Amino acid sequence: MSSFRKNVDACNDGNAPKGYCANQDYSEGSDYLVHDIAQHTNLRSGPHELLSRGVPGKRKLPVSPVKMLVGREGNYTGRGRFSSADGCHVLSQYLPVNGPRWVDRLQSRAYVSQFSADGSLFVAGFQKSHIRIYDVDKGWKVQKNILAKSLRWTITDTSLSPDQRFLVYSSLSPVVHIVNVRSAASESIANITEIHDGLDFSVDGYNDDDYDALGIFSVKFSTDGKELVAASSDKSIYVYDLESKRPSLRILAHKSDVNTVCFANETGHLLFSGSDDRLCKVWDRRCFGTRGKAAGVLIGHLEGITFIDSRGDGRYFISNGKDQTTKLWDIRKMSSNTPYTRRTRDTDFDYRWMDYPTHARALKHPHDQSLATYRGHNVLRTLIRCYFSPAYSTGQKYIYTGSSDGSLYIYDLVTGAQVASCHGHEKPVRDCSWHPLYPMIITSSWDGVIARWEFPGSEEEPSETGGRERRPSF
């Protein structure tokens, strides 16, 4: 039996080794919701029932690719081909855990990295003003080397427009800059070889103190490419209209820094936000003008929230928290108000330079509304990011996250099992990105290394980090 299946079965039996199982935090009466997302995930990534029939009384195992191919050639399903769920079932068994192979290394901390929607481009942002855009289809050739301007501390985020023509980058500053990715220049030095237009997110009425206090932690393009949404250090969410070149909406959203914000789905009406006030909030722009407040609040993290990723269906999202957990949420469980709860420990903990108290790892919020909690990684030193795995190749059956221990962790969304961990960096892995089509993950770390992880089988020899290769752990 594979180690992958052993870990999943152990979770189901309650006998998994420490660090492998998520702490399933289900509220009373939430079985339907858990079953609901399990069913959705199975529909996206499970094989056809005629290909997965098991022997009565035997434990049900993943259907092997060989059996899937035999079933397709024998036309067991009557379709003569794989459905998208059949394809996801096959591809999701090939986890990209072989590596690390170096893509690049700079003498600067890597903060952000993401594939484009089609996987043809990869963007990496570093602390010392550098952003590099790689052409994945041409052997990771650097297509554009960008030297940013007017940075405060670091590049906090980058985002490619849906048509891949423009890139925006943010810093701890109210001005976000935009670069033409398709211009002829391969070296884009701000306002020397190319103009990096500044998009000012400050609103009318700001004084100098307000302006200096405003920094952007997260910025994202809308799916139509006409707007940007940003999370800021002044407790606000901003929506920026690119046609009018001015902010169209400012929401005083939280009681502390807003570290992350994203669109819930393609419509652009719903927004998800997370803050150091420990709350996740849902915003409906269609009724914000009349209500003037969040559509709902989701409670469960004991510490601030570092990142949110939407499943893209306007219903489910995941969040990383400084309480060293990733949580899964369903907005149908959100409440309209926030019950006051006393902090369960002292407030001296600072994730930037302290370890999380051992006794606090077992604590649970008394009003936790999350569907599930995933533990095993560390969210320390920086705003560690987490994501759903790609819909095309895995049916979003996994979630994955960086970690301050220099590793990448992959969890099964439904069972909570930690199905893999990849160790190859000397410093925190702040960001990571799974290729939308192929079994490949890129990790970016404070050691300056952009590393590639793939499914085992490549004849290419791994590049060594720190003088030796570190093998993935299952």
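## The largest pocket

In this predicted model, the largest pocket has a volume of about 1400 Å³. Its lining is made up of 45 residues, and those closest to the centre of the pocket are Gln114, Phe115, Ala117, Asp309 and Ser310. Several elements give two or more residues each to this lining, and they include the strands β2 (110-115), β6 (157-160), β11 (216-221) and β15 (258-263).

Sorted by class, the residues that line the largest pocket are 21 nonpolar, 16 polar and eight charged.

## Aromatic pairs

A pair of aromatic rings is described by the distance of the centres and the angle of the planes. The count in this model comes to 17 aromatic pairs. In one of them, the rings of Tyr94 and Phe455 have centres 4.6 Å apart and planes at 90°, and because an angle over 60 degrees counts as edge-to-face, the pair is edge-to-face. Tyr94 belongs to the loop between α4 (84-91) and β1 (98-105), while Phe455 belongs to the segment after β29 (449-454), so this pair ties together parts that are 361 residues apart in sequence. Tyr94 counts as partly exposed, with a relative accessibility of 26%, and Phe455, at 32%, is partly exposed as well.

A second example is the pair of Phe122 and Tyr134, which is tilted, with 6.2 Å from centre to centre and 45° between the planes. Phe122 lies in strand β3 (residues 121-126) and Tyr134 in strand β4 (residues 130-135), and the two residues are twelve residues apart. Both Phe122 and Tyr134 are buried.

## An aromatic cluster

Aromatic residues can also be listed as a group, and here Phe307, Tyr387, Tyr398, Tyr400 and Trp434 form one aromatic cluster.

## Confidence in the model

How much of the chain scores at least 70 in pLDDT? The share is 80% of the residues, and the average pLDDT over the chain is 85. Over residues 1-33, however, pLDDT stays under 50, and the model has 71 contacts beyond four places in sequence for this stretch. Residues 461-474 also have a pLDDT below 50, and this stretch has 36 contacts in the model beyond near neighbours in sequence. Where pLDDT is low, the predicted coordinates should not be read in detail.

Conventions
Residues numbered from 1 in each chain as written. Predicted model: local features only at pLDDT ≥ 70, side-chain atom pairs only at ≥ 80, totals over all residues. Heavy atoms only, no water. 1 Å grid on protein atoms, 1.4 Å probe; cavity = no way out; pocket = protein on both sides within 12 Å on 5 of 7 lines; lining within 4 Å. Points joined across faces, edges and corners; volume = space filled by probe spheres on them. Helix = DSSP H or I, 4+ residues; strand = E, 2+ residues; numbered from the N terminus. Nonpolar A, V, L, I, M, F, W, Y, C, P; charged D, E, K, R; others polar. pLDDT = per-residue confidence, 0-100. Contact = heavy atoms within 4.5 Å. Phe/Tyr/Trp six-rings, centres within 6.5 Å; stacked < 30°, edge-to-face > 60°. Buried < 20%, exposed > 50% of the residue type's maximum accessible area, 1.4 Å probe, protein only.
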